Amino acid sequence: MTAGNINPVLSTHGIGRTYSSAHGNVIALEDIDVAVRPGEFVSIIGASGCGKSTLLRIVAGLDRATCGEVHVAGAPVVGPAADRGMVFQGYTLFPWLSILSNVMFGPRMRRVPRREARKSALHWLAMVGLERVSHLFPHQLSGGMQQRVAIARALANEPKVLLMDEPFGALDAQTRGNLQLQLMDLWQRVGMTVVFVTHDLDEAVLLSDRVIVLGAHPGRVVAEIDVPLARPRTHDVYLERAYQQTKRQLRNWICPDQARDASTSASTPARDTGLPDLNAPRTSGTRALGGTAAAHLPESRTPDEASGAS
Ligand SMILES: Nc1ncnc2c1ncn2[C@@H]1O[C@H](COP(=O)(O)OP(=O)(O)OP(=O)(O)O)[C@@H](O)[C@H]1O
Ligand SMILES: [Mg+2]
C-alpha cells in the first residue's frame with residue numbers, strides 16, 4: 001500500500017551504528033530508513049546479530065546512532081522519553097514494587113498526581129486482564145503475567161509507539177500463543193502503534209501489518225513485506241494460503257541458502273529461483289522509506305518481484 005501522504009509516527013533516516021572493540025569496528029547497522037504509520041503493527045525480523053535490538057534501542061533512545069536521525073511524531077529523538085514505551089524479553093519489573101506500583105512508576109516519574117496515576121495504572125492492568133493481582137509482587141506472578149504487566153507499564157505512559165524486543169521469547173509455546181492473541185486484541189482496542197522484534201516467522205506473520213527484514217553484517221533493510229491477512233486474526237490463519245505464501249517469502253529472505261538448496265535439489269538452476277542476494281546493495285528488494293517527514297511508506301515486495309525488478 002502506498003501511503004505517501006500519511007505522516008509516519010516513527011521514522012529513521014540513514015541510521016548507522018558502529019561499535020568499536022579491541023578487535024576492530026563492528027558495523028551493526030548501516031543506512032536504515034524505515035517509517036511506521038500511526039496505528040500500524042510492524043515486525044522486524046532477521047538473523048541473530050543482525051542489529052534488531054540495536055535498532056530498537058536507538059529508537060528508544062537507549063543507544064546512540066553513529067549517524068542518522070530518528071523522528072517520533074516529527075520531533076527528533078535525543079534520548080529516552082515517555083512517547084516510546086519499551087518491553088524487553090526478560091522480566092524487567094521492579095521486584096521491590098507491587099504490580100500496581102510498577103505500572104504507576106512511569107506516570108509518577110512524570111509527576112502525574114498519585115490519584116490519577118493509580119487510576120490509569122488500574123485501567124491498563126484491566127486492559128491486560130490483571131487488575132485482580134495489582135496488590136501482588138512480581139515474583140508471585142507467572143512469566144506470562146509479568147510480561148502482561150510489563151506491557152501495561154509501558155502503555156501507562158501513553159506512548160506514541162510501543163517498542164517490543166522479543167517480548168514473548170522466554171515463554172512456553174502455549175503462554176506465548178495466548179499472549180499473541182491478547183496483544184492483537186489490545187492493539188486493536190487501543191489503536192496503538194507497535195514495532196515488534198521477533199525471531200519467529202509465524203509470530204511475525206500472525207501479528208503484523210508489515211514485516212521488515214534485516215540482513216546481517218552490516219544490518220540493513222533488505223525487504224519489506226505487507227501481510228495480506230484480514231483481521232481479527234487467530235492462529236487459524238496458519239491454515240491460509242496467503243499466510244503460507246507470506247511466511248515462505250520471509251523465509252526466502254532470511255535463509256536464502258536453504259531455499260536455494262531446496263530449489264537446486266529439485267534441479268532448478270539457482271539463477272532462476274528469484275531468491276534474494278543478501279549481499280547485494282539495498283535497491284532491488286526494498287523500497288527506500290524515510291528521508292523526509294512525509295516519508296513514503298512501502299508496498300509489499302517479494303524476492304521474486306525484487307529479482308524481476310533488478
Ligand atoms: N555494546 C556493544 N558493543 C559491541 N558490539 C555490540 C554491542 N551491542 C551489539 N553489538 C554487536 O552489534 C551487532 C548487532 O547486535 P544486536 O544485539 O542488535 O543483534 P540482534 O539482531 O538483536 O541479535 P539477536 O537476534 O541475537 O538478539 C552484533 O554483531 C553485536 O555483537
Ligand atoms: Mg536482540
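## Helix pairs and an open sheet in a predicted model

The axes of helix α4 (residues 143-155) and helix α5 (residues 173-190) come within 10 Å of each other and cross at roughly 25°. This is a predicted model, in which local features need pLDDT of at least 70, side-chain atom pairs count only at pLDDT 80 or more, and totals for chains, interfaces and linings use all residues. Residues are numbered from 1 along each chain as its sequence is written, while chains are lettered from A and ligands numbered from 1 in the order in which they are written.

**Helices α4 and α5**

- Axes here are lines fitted to C-alpha atoms, for helices over the stretch in contact, and angles run from 0 to 180 degrees between N-to-C directions.
- The two helices, α4 and α5, are therefore roughly parallel to each other (angles under 35 degrees count as roughly parallel, over 145 as roughly antiparallel, 65 to 115 as roughly perpendicular and the rest as oblique).

**Helices α2 and α3**

- Helix α2 (residues 99-109) packs with helix α3 (residues 114-127) at an angle of about 125°, their axes being 8 Å apart.
- That angle makes α2 oblique to α3, and α2 passes α3 in a right-handed crossing.
- Residues of α2 that meet α3 include Ile99, Leu100, Val103 and Met104, and their α3 counterparts include Ala117, Ala121, Trp124 and Leu125.
- Sorted by class, the contact of α2 with α3 has nine nonpolar, one polar and three charged residues.

**The four-stranded sheet**

- Four strands make an open sheet in the order β2-β1-β4-β5, with antiparallel pairing (strands pair if DSSP finds at least two bridges between them; helices are DSSP runs of H or I with at least four residues, strands are runs of E with at least two, and both are numbered from the N terminus).
- β2 (24-36) and β5 (75-76) stand at the edges with a single partner strand each, so one side of each has no neighbour in the sheet.
- Helix α1 (residues 52-60) packs on the sheet and touches β1, β2 and β4, its direction making about 115° with that of β1.
- β1 and β2 form a hairpin with two residues between them; nine bridges join these antiparallel strands, and Ile15 has Ile32 in β2 as its bridge partner.
- Strand β1 (residues 10-21) is also joined to strand β4 (residues 67-72) by five bridges, again antiparallel.
- Bridge partners in β4 are Glu69 for His13 and Val72 for Leu10.

- The protein has a mean pLDDT of 85, and 81% of its residues reach 70 or more; pLDDT is the predictor's confidence in each residue, from 0 to 100.
- Confidence is highest in strand β8 (residues 194-197), at a mean of 98, and lowest in helix α9 (residues 303-309), at 40.
- Over residues 277-310 the pLDDT is below 50, and this stretch has 79 contacts in the model beyond near neighbours in sequence.

Methods:
Two residues are in contact if their C-beta atoms, placed from the backbone, lie within 7 Å. A crossing is left-handed if the near helix is turned anticlockwise from the far one by less than a right angle, and right-handed if clockwise. Ala, Val, Leu, Ile, Met, Phe, Trp, Tyr, Cys and Pro count as nonpolar, Asp, Glu, Lys and Arg as charged, and the others, Gly among them, as polar.
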